[in-house]
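Take a walk through this structure, one part at a time. Start with the sheet, then turn to the helices.

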Amino acid sequence: MLDGYQNTQPIVYKILKNAIIDDQYSHAYLIETGGFYDAFNFVMAFSKSLLCPLKKLTKENCAECHQCEVIDSGNFPEIEIIAPDGLWIKKEQLQNLQKEFNTKALIGNKRIYIINQTEKLNKSAANSILKFLEEPEGNIIAILMTDNIYNVLSTIRSRCQILRLKSSNKNIDASNPIQKIIKIIKQENEMDDETLELKTSKVIEFINYYEKNHLNTLLYIGKLWNDYINSKEELNYAYEIMIDYYKDILNYKLNKALDIFEINNDIKNIAQKNTQEEICEKINKLVELKELIKYNINSSLLMDKLIMSLEGVI
Ligand SMILES: [Zn+2]
């Protein structure tokens, strides 16, 4: 559903939503995906909204019309998807598409073709698409996708409305908050998602425990931490989470939007108990101690140091 992208892609969402509501759309869009992980689903959601016969009535995403269901199942004949066949998108693929569009009866009121990896159009395919773009038929809409619009021929570019998606880095809209954190923080590491999920929640639990128990946390580091976080890789990941957690607590305190976490009681409590300066100081200490991981410091020693340093004892 297009409305699901209101937060992750606010600008492009608005442009396309208005196009749908006013029924004033371009005949060709060039969408730069910019590393947005959900770009293809986004394009499908847009296509669905364009075609949905109920959209005029509701001005909302349709949840249950038969046509939208058929589109979801991947069997709707008025949406064609073209992707590279081997290294390139070939002329024949576009010719077949044109033939199909010319001979089949139209169901509904529009046809859409989506080209994935538009930069992979070979020369003759690019020429045949140019003709298509130059003389658009009233009811055909082209949606061209690419990672980088500058890899697409300028003659194609100039005939399209260009839309650039925001990269997903700090704005992932996942329903599971832990999954969301993992997606954002996970760099190159070997842990599988299940392991990461467990470790991520343990690290957050650890901070929540520390914020209530302060120095007493030292007595339970074995149970709270060493059972889960040990290797250099795990420590690095854990420190990233802790830093981002305090940053979001600071965001909350400053009435700013949170980057990664969702507001919950723990975040509210910690923000209430700490001054702005204290939170900044905690972030600084975490950043400083994270440096020690490089030198293979032992995990429980590092955590002792962390607690004492957060408490201002050392
Ligand atoms: Zn519908």
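In β5, L163 is the bridge partner of I31. The model is predicted: local features need pLDDT of at least 70, side-chain atom pairs count only at pLDDT 80 or more, and totals for chains, interfaces and linings use all residues. Residues are numbered from 1 along each chain as its sequence is written.

A residue is buried if 20 or more other C-beta atoms lie within 10 Å of its own, exposed if 12 or fewer, and partly exposed in between, with C-beta atoms placed from the backbone. Both faces of β1 are covered. A28, L30 and E32 are buried on one side, and Y29 and I31 on the other. Strands (E, at least two residues) and helices (H or I, at least four) are DSSP runs, numbered from the N terminus.

Four bridges join β1 to β5, and the two run parallel. Five bridges join β1 to β4, also in parallel. In β4, I31 has M145 as its bridge partner. Two strands pair if DSSP finds at least two bridges between them. Strands of a sheet pair through backbone hydrogen bonds, either parallel or antiparallel.

Move on to β4 (residues 140-146). Five bridges link β4 to β3 (residues 111-115), and these strands run parallel. Here I112 has I141 in β4 as its bridge partner.

The open sheet has five strands in the order β2-β3-β4-β1-β5, with parallel pairing. β2 (79-82) and β5 (161-164) stand at the edges with a single partner strand each, so one side of each has no neighbour in the sheet. Neighbouring strands are turned by 20° against each other on average, direction ignored. For such angles, axes are lines fitted to C-alpha atoms, for helices over the stretch in contact, and angles run from 0 to 180 degrees between N-to-C directions.

Next, the division of the chain. Domain 1 spans 2-164 and domain 2 spans 177-310. These bounds come from an automatic or database domain assignment. The domain centres, taken over C-alpha atoms, are 42 Å apart.

Where does P10 sit? P10 is found in helix α1 (residues 10-22). P10 counts as exposed because 12 C-beta neighbours lie inside 10 Å. P10 and K99 are 89 residues apart in sequence and 37 Å apart in space, C-alpha to C-alpha.

Turn to the helix pairs. Two packed helices are described by the angle between their axes and the distance between the axes. The axes of α9 (residues 193-213) and α11 (residues 232-253) come within 10 Å and cross at roughly 55°. α9 and α11 are therefore oblique to each other. Angles under 35 degrees count as roughly parallel, over 145 as roughly antiparallel, 65 to 115 as roughly perpendicular, and the rest as oblique. The contact involves K199, T200, V203, I204 and I207 of α9, and E234, Y237, A238, I241, M242 and Y245 of α11. Contact requires C-beta atoms, placed from the backbone, within 7 Å.

α11 also packs against α13 (residues 276-293), with axes that come within 10 Å and cross at roughly 165°. That makes α11 roughly antiparallel to α13. Among the residues that meet are L235, Y239 and I243 in α11, and I279, I283 and L286 in α13.

Conventions
Two residues are in contact if their C-beta atoms, placed from the backbone, lie within 7 Å.
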